[in-house]
Amino acid sequence: MELGLVGLGKMGNNMRERLRRAGHTVIGYDRNPEVSDTGSLADLVQRLAAPRLVWVMLPIQVVDQVIGELAELLSEGDLVIDGGNTKWTADARHAEQLSGKGIHFLDCGVSGGVWGLQNGYALMVGGAEADVARAQPVFDALKPSGDFGFVHAGEVGAGHFAKMVHNGIEYGLMQAYAEGWELLEAAGSVTNVPAVFNSWREGTVIRSWLLDLMVRALDDDPHLERIEGYAADSGEGRWTVNAAVDLGVPVPTMAAALFARFTSQQDDSPSMKMVAAMRNQFGGHPVKAEDGKH
């Protein structure tokens, strides 16, 4: 297939490469000319043959603006996929805005971080069945090679809602691992904490990819002495807790993990060193502030 990809940051750039390796033609646009294939969004649209498919992979702060521009540039029958971490409540508005021009829309939650190029991305898609089927070759190229990693989650908004809940669960898992690490570090009788976590990677009920990444972080810095105990919240943790309040669903673990990140933004918390280390392993997030600034 041929598609445009808007946003070539840490994930978008790797997604372009994975799609190209699968044989798809990708024209990428980014404000950074060093990584962009074209000089403008308008030029990207002009270079795509109709009916066009444009994947948007951008921070939430600029999604509204770019989708507004695409609404003016694209034609009837074109398809826009929003693969960024957009709040799910914005998806219906974007779909309506584009449908007024006859342009189709899908929302897609994407997980995989900086490892997606190698391992594939978990994709959670919301929208019409026909639009999903049209973009399926793209989804197949991006997802892991096995039977799992892709789901048509439901109607417009369902993909981003599913990804939001995924990130809420991620918060809770990371916090549990981090608190366990702090407790083991505090116990004088445990003399090799990294080896304990490494031993849990096989045969235990808490083995996971996050645990593997945790061990990688400890291999780099056994006591996390080079990492500041600060972890930002991306927004999706807040949205998950807010949605749970709206729906009357108790999520105490996710809420506690979110508030722990708030605490880390005030104090240099030992357990948040590990949360910061894991975030760096899967997402390439900075692990140490410079000049006292976060």
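This is a predicted model: local features need pLDDT of at least 70, side-chain atom pairs count only at pLDDT 80 or more; totals for chains, interfaces and linings use all residues.
Local features are taken where pLDDT is at least 70, side-chain atom pairs count only at pLDDT 80 or more, and totals for chains, interfaces and linings use all residues. Residues are numbered from 1 along each chain as its sequence is written, and side-chain values use heavy atoms, with hydrogens and water left out.

Helices (H or I, at least four residues) and strands (E, at least two) are DSSP runs numbered from the N terminus. Axes are lines fitted to C-alpha atoms, for helices over the stretch in contact, and angles run from 0 to 180 degrees between N-to-C directions. Angles under 35 degrees count as roughly parallel, over 145 as roughly antiparallel, 65 to 115 as roughly perpendicular and the rest as oblique.

| Helix pair | Axis separation | Angle |
|---|---|---|
| helix 3 (residues 60–73) and helix 4 (residues 91–99) | within 9 Å | roughly 15° |
| helix 11 (residues 252–264) and helix 12 (residues 270–283) | within 10 Å | roughly 100° |
| helix 7 and helix 10 | 8 Å | about 105° |

Let us begin with helix 3 and helix 4, whose axes cross at roughly 15°. That angle makes helix 3 roughly parallel to helix 4. On the helix 3 side, V63, D64, I67, G68 and A71 meet R93, H94, Q97 and L98 of helix 4, where contact means heavy atoms within 4.5 Å. Sorted by class, this contact of helix 3 with helix 4 has four nonpolar, three polar and two charged residues. Here Ala, Val, Leu, Ile, Met, Phe, Trp, Tyr, Cys and Pro count as nonpolar, Asp, Glu, Lys and Arg as charged, and the others, Gly among them, as polar.

Which residues of helix 4 are buried? They are D91, H94, A95 and L98, with buried meaning under 20% relative accessible area, exposed over 50% and partly exposed in between (1.4 Å probe, protein chains only). These residues lie on the same side of helix 4, because they cover an arc of only 100° around the axis; the arc is that of the directions from the helix axis to the C-beta atoms. Their cover includes helix 3, strand 4 (79–82), strand 5 (104–111) and helix 7 (158–186).

Helix 7 also packs against helix 10, at an angle of about 105°, and the two are therefore roughly perpendicular to each other. From helix 7, the residues F161, K163, M164, V165, N167, G168 and Y171 meet E236, G237, W239, T240, A243 and L247 in helix 10. The contact of helix 7 with helix 10 divides into seven nonpolar, four polar and two charged residues.

In the remaining pair of the table, helix 11 is roughly perpendicular to helix 12. A260, R261 and S264 in helix 11 meet M272, V275 and R279 in helix 12. By class, the contact of helix 11 with helix 12 holds three nonpolar, one polar and two charged residues.

L106 sits in strand 5 and is buried, with a relative accessible area of 0%. Leaving aside residues up to four places away in sequence, L106 touches L79, V80, I81, D82, V125, G126, G127, A128, D131, V132, A135 and F139. D140 is 34 residues from L106 along the chain, and their C-alpha atoms are separated by 15 Å.

**Loop residues**

The loop between helix 9 (209–220) and helix 10 (236–247) contains I227, and L224 lies in the loop between helix 9 and helix 10 too. I227 counts as buried at 9% relative accessibility, and L224 counts as buried at 0%. L224 has a positive phi of about 55° although it is not a glycine. I227 and A277 are 50 residues apart in sequence, yet 7.1 Å apart in space, C-alpha to C-alpha.

Finally, P51 is placed in the loop between helix 2 and strand 3 (53–56). The peptide bond from A50 to P51 is cis, with omega near -5°.
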